[in-house]
There are 2 protein chains.
Amino acid sequence: MAASASSLLAAAVSSSCAAISSRLPRGAPAAASVPSPSRQSCSSLRASLARRQQSRFVASVAPTMQPPAESRVSTVVDVDLGDRSYPIYIGAGLLDEPDLLQRHVHGKRVLVVTNTTVAPLYLEKVSWALTHNNPNVSVESVILPDGEKYKDMDTMMKVFDKAIESRLDRRCTFVALGGGVIGDMCGFAAAAFLRGVNFIQIPTTLMAQVDSSVGGKTGINHPLGKNLIGAFYQPQCVLIDTDTLNTLPDRELASGIAEVVKYGLIRDAPFFEWQEQNMSALLAREPSALVYAIKRSCENKAEVVAQDEKESGLRATLNLGHTFGHAIETGTGYGAWLHGEAVAAGTVMAADMSHRLGWIDESIKKRTVDILAQAKLPITPPETMTVEKFKSIMAVDKKVADGLLRLILLKGPLGSCVFTGEYDRKALDETLHAFCNN
Amino acid sequence: MAASASSLLAAAVSSSCAAISSRLPRGAPAAASVPSPSRQSCSSLRASLARRQQSRFVASVAPTMQPPAESRVSTVVDVDLGDRSYPIYIGAGLLDEPDLLQRHVHGKRVLVVTNTTVAPLYLEKVSWALTHNNPNVSVESVILPDGEKYKDMDTMMKVFDKAIESRLDRRCTFVALGGGVIGDMCGFAAAAFLRGVNFIQIPTTLMAQVDSSVGGKTGINHPLGKNLIGAFYQPQCVLIDTDTLNTLPDRELASGIAEVVKYGLIRDAPFFEWQEQNMSALLAREPSALVYAIKRSCENKAEVVAQDEKESGLRATLNLGHTFGHAIETGTGYGAWLHGEAVAAGTVMAADMSHRLGWIDESIKKRTVDILAQAKLPITPPETMTVEKFKSIMAVDKKVADGLLRLILLKGPLGSCVFTGEYDRKALDETLHAFCNN
C-alpha cells in the first residue's frame, strides 16, 4: 500500500491531469422512431426530445474514431433539469455499444456497484463496454448481497471501503448495475463519496427501468422506515438495455408493472387504457410492448421530475400506494415482499380510500384492482399487517409534515390524483379495517 | 408507540399544516458598527453587508411582538449563495436573544445535536432560546460522545435513530451545538435525513466559529481518511455567541487560531500583520480581538465560498496545510492531535515546501513558523509520522485528481497562494524528509 502510494506521488508531475475527452454522439439511430405518445405530452419535453434527436443526426462526425456501427438506441428521453439534465437511453442491446456508455464517464477510474445476482450476468459485459477501445479507463467493482434487506448503512459502507481502498478520487465515476436497491445505494454513495462524484445508472429490472433509476432519488432504509436516509442526486445518464429483462424472474417483472400502472392512474389515462389492452403482451415480454411501456413511464417521470425535482408537491404524486406499500415492506421485514408487490396492494388501498371519500367512481377502483390482478400482483396486504402496524409505520413516512400525514389519493376522472393531508380520517380508518384483520 | 402513532393520525384533519411564521428581524442592533476591514473586501460582499444592515434598520416593525430588547449583534456577515444565502451573526450574548435563533427555525420540531462536553454548558440555554415565548416549538436532543474519533458513521446513525424515533418530519430543523465535529456530523445528518432538512449552526469552539461552521462542508471520517464521506449542505444561519469561548480550553483556542493564521497567509496580508501584533490579545481572550478575528475570518471564508461553493478551484486554497495535517490526524489516530494542531504543523510543512520551490522568501516561512509558535501550536509533525506514512495517507486525499496530488502552496508576496499539482516532487520529498525521522 505504502509502495503504491509512493509511486502515485512520484507520478505527480509526469501525469497528465486531462480526463478522457467527452465524445460526441456518433451516427443516427437505426430506428429513431418514437411512437406517438398516447396522450398530450408536455411541449417542452417534446421540444427537448426533438432537439436531442436532431443533435444525434447532426453530430455524426468523430474524426478519431471508427465509423459508427448501426445504433440500436430506439428512444432517448431527456430529463430536463438545467445544468443537471441528462438522457435516458432505451433500447435492446445498448450494452453492446461501448461508445454510448463511455461518453458519459468522467475521469479515468470507474467503480461498478452491483450485486451477487447481476454480477455473473452482466458485470463482464459492462466492464467490456467501459474499456473497449478505451485503455485509459480502469474499472473496479464491488459486489453487494442481493435484496432490499441489505439496503442499509452497513452494506453501503462496503462501497466506500472499496472506493477508498482503490484510491478513487473526485474525478471517478460510479456505475449502478442492478435493480432499484443497487441504484439507490450506489447513487447515495456517489452523492456522499468525497462530497459527490459522477454516476451512471444501468438498471436491469423493470422496476428500476420505469421508475427508480430516473429522477435522482437515492437512499437507504432505516430499521424503522424505508428510504429515510439519502440524497437528491442526479446521474450523468440512465442506460436501459431492455435485453437485460430476458433474465428477470416473472415475479420481478410483475413488480415493475406496478409502477407502470401507477403512471396511468395518476396522470396518463390513455397509457392506462393501453396497459389494459396490452397487459398480456407485457407479461409475455413482447419487446415492443416493453419498450413502449418503459418509454412512456420514463416520459411521465421525466415530466414530473423536471417540474418538481425536490418533491415540494407534484413529485409526491409518484408515490401513489407507496405510503401503504412502504408500511407493508417495513412491517413484514424488508425483502419479504418485493417493492412493486407492496405498492400494488397499497395502490388498491389508496383506490379504496379514494372511493370511500367519494372522490372516484366505483369503476376506477374496479379497473385498478383488475389490472393489478391481471399482472398477478397482490391486491391485499399480508395478514400480518394489522391496523395499528400500518398506523405506527405510516407515522414516520417522509410525507408527514408538522405531524400531518399526507397521502396521494385518486380524485376525479381516470388519470387524476391529489396529494393532500385534508381528508376525513374516518375513510383511512375504514380502509385499514377493511384490509386488515384487526 | 402504536398509540401515539394512532393519535398522530387521528390529528391529521384537525392539525394545521402552517409552520410557525418566519419572523422579520426587529430592531436595529445597538452596536451595528462593523470595523473597517483592514484589507480591500470583495465589493459584492460589502454591498451585501450594506443591504443586510439596511434591512435590519428598515424591517423594525413586527406588530404582534414586544418592542425589541437592545440587540447585542455586533456583526452580521452574509454568505452570498443565491437562494442558499445565509447570515453569520457574531457577538457576545447572542444566545440570550431567542428571537435571533427562532426566526431561522422551520417547522415545529427541533433536534439539537451536541456532545457530552457542551451539553452541560449550553444545551439548556439553547433549548430556552428555541422555546422562549414560542410554545409551538418542541425540542429534542441527542448527546454524542465528544471527539474527532467519534466522527464516524456509527455515531452519526445515533442522530438518525433519535430523529426517526422522535418522528421528526421534513419540516423539522437540526441544530448543531458544539465544535467542528458536531457541526460536520449534524450538517451531514441534516443533508441526508429524509433527503434534506433545515439546519442551524451554533459553533462553540473558535475552530468552528472561524472556519468549519461556515460554507456548508459537512461529513464524517473513514478509518482510511478524513472527511471522505459527506455533502455540501448550507445552514439556515450560523449563530456565533462569543461568550461560549469563555469555557473553551486553551489548547482548543490555539487550535482555532491555526485557521485564523491560514486566512492571513493565503489571501489577507493585512490580517496576518494584525495577528502578528495582536496574538497576545487573542491568547488572553480579549473580547474585541476575538470578535475581530472571527469576523475577519468569516468574511474571508464567505468571499471564497461565494465564488466557489463546491470547491472546483479557489475554495481548495482554504486547505493550506490541511493535506499534511489530515495525514497527521489520520496517521496518529483521530483525536490524538486537535485539527488545528495538525493544520499548524502542516502549514509549516507547506511553507517549507513553498520555500524549497523558490516560491516564497525565507522571511515568509519564518513569520509563519513564528506566529504559530507564538500561539503555542506545534510546528513539526509527531515523531511517529514517517515519510511513507505521509505519502500513503496523502494519496487518498480528496484533492487527488486522476492520480495527481494537488497541494495548496504559498507563492509570491505574503497573502498569496496557489492550488496546483504542478510542482517538483523533489521539493515534496525533501520537505517530508526534513520533518520526518525516516
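Analyst: Start with a contact that involves both chains. R195(B) lies over the face of F232(A), at 5.8 Å from the ring centre. The model is a predicted one, and every value here is computed from it.

Chain A has a charge over a ring as well. There the charged end of K411(A) sits over the ring of W359(A). The distance to the ring centre is 4.1 Å.

Planes under 30 degrees apart count as stacked.

Where do F174(A) and F193(A) lie? F174(A) is in strand β5 (residues 173-178) of chain A. F193(A) is in the loop between α6 (180-192) and β6 (198-203) of chain A. The two are 19 residues apart in sequence, so the pair ties these parts together. Are these residues buried or exposed? F174(A) counts as buried, at 0% relative accessibility. F193(A) is also buried, at 1%.

Chain B has a stacked pair too, made by F174(B) and F193(B). Its values are 5.6 Å centre to centre and 25° between the planes. This pair links distant parts of chain B. F174(B) belongs to strand β5 (residues 173-178), and F193(B) to the loop between α6 (180-192) and β6 (198-203), 19 residues apart. F174(B) is buried at 0% relative accessibility. F193(B) is buried as well, with a relative accessible area of 1%.

Rings can also join in a cluster. In chain A, ring pairs link F271(A), W274(A) and Y292(A).

Next come the salt bridges. The whole structure holds 56 of them over all chains. One joins D83(A) and R84(A), with N to O at 3.7 Å. D83(A) is exposed, at 75% relative accessibility. R84(A) is partly exposed, at 39%.

What does R84(B) pair with in chain B? R84(B) forms a salt bridge with E309(B), and the closest N and O atoms are 2.5 Å apart. R84(B) lies in the loop between β1 (75-79) and β2 (86-91) of chain B. E309(B) lies in the loop between α10 (287-307) and α11 (322-332) of chain B. The partners are 225 residues apart in sequence, so the bridge ties those parts together. R84(B) is partly exposed, with a relative accessible area of 40%. E309(B) counts as buried, at 13% relative accessibility.

Salt bridges in chain A also share partners. They join D352(A), R356(A), K365(A), K426(A) and E430(A) into one network. Within this group, K426(A) forms a salt bridge with E430(A), the closest N and O atoms being 3.5 Å apart. Both residues lie in helix α15 (residues 425-435) of chain A. They are four residues apart, about one turn of the helix. An α-helix has 3.6 residues a turn, so residues three or four places apart point the same way. E430(A) is partly exposed, at 32% relative accessible area.

Now follow one helix in chain B. Helix α9 (residues 269-283) of chain B has 15 residues. What span should it have? At 1.5 Å a residue, it should span 21 Å. Its end C-alpha atoms are 20 Å apart, which agrees. Still, α9(B) bends by about 60° at Q277(B). R285(B) follows α9(B), and its phi is positive, near 60°.

Which residues of α9(B) are buried? They are A269(B), F271(B), F272(B), W274(B), Q275(B), M279(B) and L282(B).

Last, look at a glycine. G321(B) is placed in the loop between α10 and α11 of chain B. G321(B) counts as buried, at 4% relative accessibility. What does G321(B) contact, leaving aside its neighbours within four places in sequence? The contacts are A342(B), V343(B), G346(B), T347(B) and A350(B). A351(B) is 30 residues from G321(B) along the chain. The C-alpha atoms of G321(B) and A351(B) are separated by 8.4 Å.

Technical notes:
Residues numbered from 1 in each chain as written. Chains lettered and ligands numbered in written order. Predicted model: local features only at pLDDT ≥ 70, side-chain atom pairs only at ≥ 80, totals over all residues. Heavy atoms only, no water. Buried < 20%, exposed > 50% of the residue type's maximum accessible area, 1.4 Å probe, protein only. Phe/Tyr/Trp six-rings, centres within 6.5 Å; stacked < 30°, edge-to-face > 60°. Lys NZ or Arg CZ within 6 Å of the ring centre and 35° of its normal. Salt bridge = Lys/Arg side-chain N within 4 Å of Asp/Glu carboxyl O. Expected span 1.5 Å × (residues − 1). Bend = angle between axes of the 7 residues up to and from the residue. Contact = heavy atoms within 4.5 Å.
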